[in-house]
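Please open the model in your viewer and display the side chains.

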Amino acid sequence: MSHIENHLTELPSWKKLIEHYAQIHKLNLRQLFKEDRDRVNRFTVKDLDIYFDYSKQRVMGDTMELLTQLANERGLKKKIEAMFSGEKINTTENRAVLHIALRAPKEKSILVDGQDVMPGVHHVLERMAAFSDKIRNGDWLGHTGKPIKNIINIGIGGSDLGPVMAYEALKHYAPDDMNFRFVSNIDGSDLAEAISGLKAEETLFIVASKTFTTLETMVNAQSAREWIVCEINDKEAVSKHFIAVSTNEDEVRKFGIDTENMFGFWDWVGGRYSMTSAIGISTMIAIGKENYYRLLSGFHEMDNHFLNTPFERNIPVIMGLLAVWNNNFLQSDTQAVLPYDNYLKRFPAYLQQLTMESNGKQVTQNGQRVNYQTGPVYWGEPGTNGQHSFYQLIHQGTKIIPCDFIGFKEPLNPWPLHHDYLIANIIAQGEALAFGKNREEVEQEGTEARLVNHKIFEGNRPSSTFILPKLTPENLGKLIAMYEHSVFVQGVIWDINPFDQMGVELGKVLAKTIIDEIQDSKKSLIHDDSTNALVNLFRKR
């Protein structure tokens, strides 16, 4: 995204939003609903089989008009078009940002530096599909001639969170006779539990690392290689039990993987946006190529919606603008994402990286320190588990926490009574947060005086509700792309780059130094006293 000359807080729309907030911040959702009988229709978008109700957000028509004006003053439309056309909007790394190309149809043409990237994208997809078929059909045999029954993905960050989330979300579509496991943590317990109970001769590891040098991934991969070689008792077994998702042919070859079984991707694919690149090969094996292409189709539908729909009905744009309103005007530091479907149990964790690695920035595109809040903390749990955990704070705590509720009309499993209770809860939670229970209502229930204050729910807590027909591969793709584009909208408004992650580098660099110091007690320590003491504590081990 190119540098924006006008500072955010100097924009006319921003100043108007400050004035507007001062006028309406005391308004209550009860009052807003009472005064506007058409509120639900005006603040609901129905598109792509998504029912998006944001009427319980603390906004009015004027609020949304001013937020849309802010988006226009920020040049949001041009920036969306710049991303889709392959311009190098990742300015700090001078790269295009084209995760949207990974799910575009074959006949589409998208240029980067004058070269159409789509033939390469679909070449990789076709190779992934062919390999997936081999595994699923039992045609790929391990070193001892046995078919593969266990797939273990080794990665971290975007090379793990996307695949594990997608597998858990779409487990219903996976075969019962295969195991899919995921290793990311450098803690050896993660790998130990992943291989527990499995036969090496039936196990395939996918090593996912663009550079094939990522510390955590390569330590885990080396230990996995030792396990395969030890269990099968043949060094040649590596080539039949490992494949790579990488761009570093030399390191892949050194590891012992045939580069014919290496699946590449491009520098215009950021890690947290990469689950529809070759990083998704474990997902394709799990759900099959037909379902995988349905997943891509859902992504692409949302991409088109984001690119072509006017802001007033554009789901990701509205989400992003509401996030700015809640973060910068309601001063809400966090955002809860609460999927009422147990298959989406890893969705909040996936969104944590997507949102916070993208917008956890404190300088603008041109390197100037911001004087406003940027990315909020995203977190969540599936319903109804969270209701018996942290909802107490959401309902009666001192912090305002906007909530996204996500639900589906139909369950994937035939337990209709369960689903009725699940849906009743998602609807009830939004109602309770918005309208609460006032003193008069508590007293009318016959509550004894000393407990009245304890049972008051102030309400006026903002939430949005998303209802989709069913958790299908297409609808999962729509949900993920919806949040991806919302993150982009927020980044444009705040004039930050949501496509780099320089903040993760310092800890990595220091860790390499400290590893050497722990392993070599003769090295002198030049850290602060606390760090030196911690290093010495582990040296004594």
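In this predicted model, the count of salt bridges comes to 22. The tour visits some of them.

**First stop.** Select D303 and R103. Their side chains meet in a salt bridge, with a distance of 2.8 Å from N to O. D303 belongs to helix 12 (residues 281-308), whereas R103 sits in the loop between helix 5 (76-84) and strand 3 (111-112). The pair thus links distant parts of the chain, 200 residues apart. Are these two residues buried or exposed? Both D303 and R103 are buried.

**Second stop.** Now select K106 and E126, whose side chains form a salt bridge at 2.7 Å, N to O. K106 lies in the loop between helix 5 and strand 3, and E126 lies in helix 6 (residues 118-137), so the pair ties together parts 20 residues apart in sequence. K106 counts as exposed because its relative accessibility is 52%, and the cut-off for exposed is over 50%. E126, with a relative accessible area of 38%, is partly exposed.

**Third stop.** Proceed to D133 and K289. The closest N and O atoms of this salt bridge are 2.8 Å apart. D133 is in helix 6 and K289 is in helix 12, so parts that are 156 residues apart in sequence are tied together. D133 is partly exposed, with a relative accessible area of 22%; K289 also counts as partly exposed, at 27% relative accessibility.

**Last stop.** Finally, select R103, D303 and E484 together. Which feature joins these residues into one network? Salt bridges that share partners connect R103, D303 and E484.

How values were computed: Residues numbered from 1 in each chain as written. Predicted model: local features only at pLDDT ≥ 70, side-chain atom pairs only at ≥ 80, totals over all residues. Heavy atoms only, no water. Salt bridge = Lys/Arg side-chain N within 4 Å of Asp/Glu carboxyl O. Helix = DSSP H or I, 4+ residues; strand = E, 2+ residues; numbered from the N terminus. Buried < 20%, exposed > 50% of the residue type's maximum accessible area, 1.4 Å probe, protein only.
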